[in-house]
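Colleague: I am new to this structure and would like to learn how to read its features with some care. Could you take me through them one by one?

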Amino acid sequence: MPRDADEEPNADRPGLNDDRSAGARPAVAVDGDPGAVVVQDALPDTMFVFPLKKAVPFPHLMMPLLLESPTARDIVAKAEAHNGHVLLVLQKDADKDVASADEVCEVGVVTRILKTLKLPDGGMSAMTQGLRRARLVKVVRQKPHLVARVKEVVEIPAQGERAGSLFRLLQKQLQSLSEIADQVDPGFATALLNVDDPSQLADFSAGVVRKVTDRQRLLELHDVEQRLDLALQLVMAESELAALDKRILGEIRDKAEKAQKDYFLREQLKIIRRELGEEKDPRALEIQRLEEAILQAKMPEPALKRAREEMTKLQTTPVESGEYGVVRNYLDWLTALPWSVSTTDDTDLARAARVLDDDHHGLAEVKDRILEFLAVRKLRPGQAGSILCFSGPPGVGKTSLGRSIARAMGRKFFRFSLGGMRDEAEIKGHRRTYIGALPGRILQGLKAAGSNNPVMLLDEIDKLGSDFRGDPSSALLEVLDPEQNHAFQDHYLDVPFDLSKVMFLATANVLSQIPEPLRDRMEILELPGYLREEKVEIARRHLLPKQLERHGITGKHLSVAPPLLGKLVAEHTREAGVRGLDKVVQRLCRKVARSVASGGKGPGRLSAAEMEQLLGRPRFQPEERRKQKLPGVVQGLAWTPFGGDVLYVEAVASKGKGALQLTGSLGDVMAESARLALSYLKSHGERFGIEPKRFDETDLHLHFPAGAIKKDGPSAGIAIASSFVGALLGKKAPMDLAMTGELTVVGEVLPIGGVREKVLAAKNFGITRVLLPAGNEAEANELKPELVEGIEIRFVHNFAQVFEVVFGAAAAPAVPPKQAKGLGAARRRG
């Protein structure tokens, strides 16, 4: 760019101060007067470059320049001092200052500076008139201001019918746009009528084009016909946008007018109601509603006192305040709780027994305990009963049993799961100081039930967690304690609520995972599982009819006889509950439903061959146990969260140095049982015919099949010792015998847990003889007769008795006749 005004290009750079460089323009007569001539302006070929950020100049148009920066004022001042011309060009990047010619467009407009003006705010502007298109061909100087050599762009005139048609269409489109576009200047249509040059009309249309890049495209086209074509496309696009803007604006205006009309109508309605004396303030209506709700709730005195205090606070709090919403929500919760709403208990014990029998097959002990509870409630209506906890493997009906109890008593039922709960506030609520605070799940359940004496089931109570937010199991201590829950205080309400009328039930899979203080507050009712006969009856009465209805088929499409149901249970399920059996019945119904939907009739009364065709090959064999006796293989009984199970204990002996290898994913306790059994046998091996040196010359390998499953617990002690003896002596254990019991280092057999589940697993597995510790004899005597039918149970005090039963000819004393009667049948039939 030029440094000073006196340093501008001179004779050696023609153009700025020597008009001869541009060449002479022809003289033109004015109104036929030869003496009056006008010489066309000669364009200098070198001039200052004035970059524009967001505007595109065009020839024959007046263009004001706002001189905001000292650089702009300096360029205009120096150009005005010499030939009065500048090249206006568009910047490529409006956010950057121009430092070189590469940052501006190549084609611009040579303009004459007509006048500079001072503005009232102290700024300056320059009025310029566009002359002709020009192309920047060479940079003469870059600092302090950009000076360039320019060359006039020669236009190609528009000729022919197509050019005339484009001219008329563009003129018509511009007139149409001026009628629908509100942003178009009112004088636009008038000016449009006075333009008869195609080149000027194309340039004139750039005034309605929104995008700067599109205007620059118009400027750079030197072919007038092509410029008319592009201008028509751009104006048509602008017309479509203007029509869309007008339609959207009309829709918004209509909505605004409707809203304004509704507002005026409401105001008029208010005035009319005020004149008639019927107007009521919405806030007054809300306060009146809350006052009526407080009276209808029939709260106890502490809650009523708190409600009145909050009502006083609500009446003095502005609606706009955030505290207003907090108080209103609190009062809504306080009045929504069933303080005085109770359902009447159905004390007909016979009807309750029928309901329980209809909903569940078996579970006689549990049903008796429930009927005892109802009998106490009938004699002492206000008596707070104990908390019942149903414990058992999945699928035995714990949750559905709670629903049946509610139906038998005529009470509302509410269930919520405690599995994975870690926040104490889930039980006792959040304090009102927190945003979004709510009461705990207990009070939420009461509100949902609509009565203060529902049956509330706390599902999966053994899966509670705890973290930095508190311990929910500790919060449940108050809820489940009959001596404390008559004044249960939720953190949100902060007033006592009587929970003594609520019948709480709980379910759990593993009792050992329940904290001892919480477990102490509940009465445990164990549901060990179902016998095969019970599963058949459950499938016949409940599962099959339910799935037939769900799948849209009837008994004429599918019916299964009880013997075939027994085959289905034995060959396709191996569980304590009936959840897997339900899935098998679902699969059977789906197959039949597909056949019926395809136009078939279904199998009708199902046969064994058809069942195998629909369900595939059996997953389990009815007598899936080892027929061949092998040395070192013993059957043990185990307890799992899913019920009892039969495990094989395998041991092999090989020459070595007395090493012991354990495999099969054994836990620490079971590994200790293996080492303990080996220590006992080393110290008492001669009693069982094992030479002491045999232990030093033999390596033992103990393995439990199904190695991917974790196994632990002390009850496999006698089975492990028997396996070692069989491997060392080469003796085979009978495969109709299974055993369980903890072995001490001196050979005593200690009692174990899960007797019912283990005996049930033995029965379902086809085992006919079971060895149990003598300490479990009382528990075994309480087993149902149908559970022990066909099983001979022997009780042992020490491993010597185990050895005699498993390997010796002499048998340990069998169950005495008196005990056998209590067991139902301690001997196998036949």
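Colleague: Is Glu792 buried or exposed?

Modeller: The general idea is a scale of relative accessible area, where buried means under 20%, exposed over 50% and partly exposed in between, with a 1.4 Å probe and protein chains only. Glu792 has a relative accessible area of 16% and is therefore buried, and Arg794, at 12% relative accessibility, counts as buried too. This is a predicted model, in which local features need pLDDT of at least 70 and side-chain atom pairs count only at pLDDT 80 or more, while totals for chains, interfaces and linings use all residues. Residues are numbered from 1 along each chain as its sequence is written, and side-chain values use heavy atoms, with hydrogens and water left out.

Colleague: What do the side chains of Arg794 and Glu792 meet in?

Modeller: They meet in a salt bridge, with 3.0 Å from N to O; the term stands for a side-chain nitrogen of Lys or Arg within 4 Å of a carboxyl oxygen of Asp or Glu. By this rule the count comes to 37 salt bridges.

Colleague: Which residue forms a salt bridge with Arg328, and why does the pair tie together parts that are apart in sequence?

Modeller: The partner of Arg328 is Glu286, and their closest N and O atoms are 3.5 Å apart. Arg328 lies in helix α9 (residues 322-336) and Glu286 in helix α7 (residues 282-297), so the pair joins parts that are 42 residues apart in sequence. Helices here are DSSP runs of H or I with at least four residues, numbered from the N terminus. Arg328 counts as partly exposed at 29% relative accessibility, whereas Glu286, at 18%, counts as buried.

Colleague: Where do Lys313 and Glu310 lie?

Modeller: Both are in helix α8 (residues 301-316), three residues apart, which means that about one helical turn separates them.

Colleague: Which residues are linked in a network of salt bridges?

Modeller: The network links Arg133, Glu155, Asp203 and Arg227.

Colleague: Which residues does Gln171 touch?

Modeller: Contact means heavy atoms within 4.5 Å, and, not counting residues up to four places away in sequence, Gln171 touches Leu192, Val195 and Leu201. Gln171 has its place in helix α2 (residues 161-180) and counts as buried at 18% relative accessibility.

Definitions and conventions:
Helices (H or I, at least four residues) and strands (E, at least two) are DSSP runs, numbered from the N terminus.
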